[in-house]
Amino acid sequence: MATENGDNGAPDSWDQEVDNQNENDPGKDLAEPMSFLNVNAAPFVPGQNVFATEFVPVTKSADDDSPPDGTPTDESGNAGGTENMETEEGQPGDDWADEDEDPEEEMVGKPIMNIKKPVDGTPEVEVKKEHVNVVFIGHVDAGKSTIGGHIMYLTGMVDKRTLEKYEREAKEKNRETWYLSWALDTNSEEREKGKTVEVGRAYFETESKHFTILDAPGHKSFVPNMIGGASQADLAVLVISARRGEFETGFERGGQTREHAMLVKTAGVKHLVIVINKMDDPTVLWSEERYNECREKLIPYLKKCGFNPKTDLYFMPVSGLTGAFLKFVPDESVCPWYRGPSLINYLDELESLNRSTEMPVRMPIVDKYRDMGTLILGKLEAGVITKNMTLMVMPNRATIKVNQLFSDEIETELANPGENLKVKVQGVEEEDISPGFVLCPLDAPCNTGKVFDAQIVILEHKSIICAGYSAVLHIHTCAEEVTLRALLCIIDKKTGDKTQVKPRFVKQDQIAIARIEVNGGMICLETFKDFPQMGRFTLRDEGKTIGIGKVLKIIG
């Protein structure tokens, strides 16, 4: 602001001493407090931050000898300079702007790695381990959830503090021996009753493999849920209670030990580990005699299910409560007669599974929900899924794009066969997808059909079965009501030859070829010869598994 004599109060030189100024100069009062201001500061422009650090490209010129933080200095070492004042500033409080840019610059030009991002956002370099899905099956109260929970604790997936919290809560409800199972039985209904209802899901890792635990419900009312778990499994652990009375109840007709063993074989599980649990019980006390008694009763039935006792079965005694033979082999004084590997070591040393990476993508959908988009869950049976891939949902032929991939809650760029996936997709609404639908490529869609021919084995049915009989078909993750349209022939068990053509009925323990029609419309399926995981099925009626079968031909 100019004075009466036209002087604006600024000295001729900013470097001159203040005391050289005219004592009578009316601008003196203004000049003194403002003498520290930088008159060469950049002009104020609305919407532009003049103090922002200049953007420096990664490829800097070789003759650029300015200091690392980008701030020029004059001879006296002070920040400043008139040429760069518009784009650079020397205030010490703004160094954070330079520091924030450094990580960005370092990432430019580096190869993109397959980085897994946990849900909390911290990136970690992915090391792909072989994925193995293990389903725990057996009669109710055999100790499946307790063994699963204890394995999670021993492998560090559940910390000690959480387990102590479960133990306190269990004691308050007079359920102190159930606390380990609470790591897998997470909802209040399961904890109150001590019964698993849904298929519990958790995972643990060893040095070479990544295991997903599928904790199947043992109660007969929840067998359909158990079938969903078995359809995702690579191998099964059959949990048997050695306690007097409990083994007998589970194994007799109507007990779930028999049915579960048959169902996992039908679901395609080739290897079965039988753990005789509760060996520390007062009625057993690590008795070799009791262990052998259970083993000898089981082998004939498992052989009948189709397991080879020499190659497909392995028996071991364990204690889910104390943890004996789960991860560590206890002292010889505890169990002198079994010195084999522990359960985790045995699973870790099993041969690698043959995965079909070259085949077209097949992912039967187990579940779906909405969360900032449509998410679908399932096990990738064949092929490889990558981020931004375009796929198709059958049988409704909806084209979708893969936005995000999660393998056991960890984000990944690529998924291999055998992995349990959560896929965030765009292009389809959640209500347009149902369990039993299948993700597949646009150029190699999954087969669909309403009528098909199948070979069926009648396992347990009191009366005869004729054309027109209805049952519930469980094939991969799909469950639909079906009707036997016609019986085509009966096959001789010993020779495999056709004996009767167009029989009037089929009864228990007979093998037949039948034409089956799905009542609800088209379903996704493949012939057993082309794709076994989607060509084998189970028939259930009145809460029992009455038969198993495989698809021979899709009619239409």
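Are Phe204 and Phe211 buried or exposed? Both Phe204 and Phe211 are buried (buried is under 20% relative accessible area, exposed over 50%, partly exposed in between, with a 1.4 Å probe and protein chains only).

## Basis of the model

This is a predicted model, in which local features need pLDDT of at least 70 and side-chain atom pairs count only at pLDDT 80 or more, while totals for chains, interfaces and linings use all residues. Residues are numbered from 1 along each chain as its sequence is written, and side-chain values use heavy atoms, with hydrogens and water left out.

## Nonpolar cores

In soluble globular proteins, nonpolar side chains tend to be buried together. A nonpolar core here is a set of buried Ala, Val, Leu, Ile, Met, Phe, Trp, Tyr and Cys residues joined through side-chain atoms within 4.5 Å. The largest one has 61 residues, and Leu272, Ile274, Ile276 and Leu302 have the most contacts inside it. Leaving aside residues up to four places away in sequence, the residues that Leu272 touches (heavy atoms within 4.5 Å) include Ile137, Val264, Leu302 and Phe307. A second, separate core of 25 residues includes Ile475, Ile516, Leu525 and Phe537.

## Aromatic pairs

Six aromatic pairs are found in the whole structure. Rings of Phe, Tyr and Trp (its six-membered ring) pair if their centres lie within 6.5 Å; planes under 30 degrees apart count as stacked, over 60 as edge-to-face and the rest as tilted. Phe204 and Phe211 are stacked, at 5.0 Å centre to centre with 15 degrees between the planes.

Tyr291 and Trp337 form a tilted pair, with 4.9 Å between centres and 45 degrees between planes. Tyr291 lies in helix 9 (residues 288-305) and Trp337 in the loop between strand 8 (313-317) and helix 10 (343-349), so the pair ties together parts 46 residues apart in sequence. Helices (H or I, at least four residues) and strands (E, at least two) are DSSP runs, numbered from the N terminus. Tyr291 is buried at 7% relative accessibility, whereas Trp337 is partly exposed at 22%. Ring pairs also link Trp286, Phe325 and Tyr338 into a cluster.

## Charges over rings

The charged end of Lys265 sits over the ring of Phe307, 4.9 Å from its centre. The criterion is NZ of Lys or CZ of Arg within 6 Å of the ring centre and within 35 degrees of the ring normal. Lys422 lies over the face of Phe406, 5.3 Å from the ring centre.
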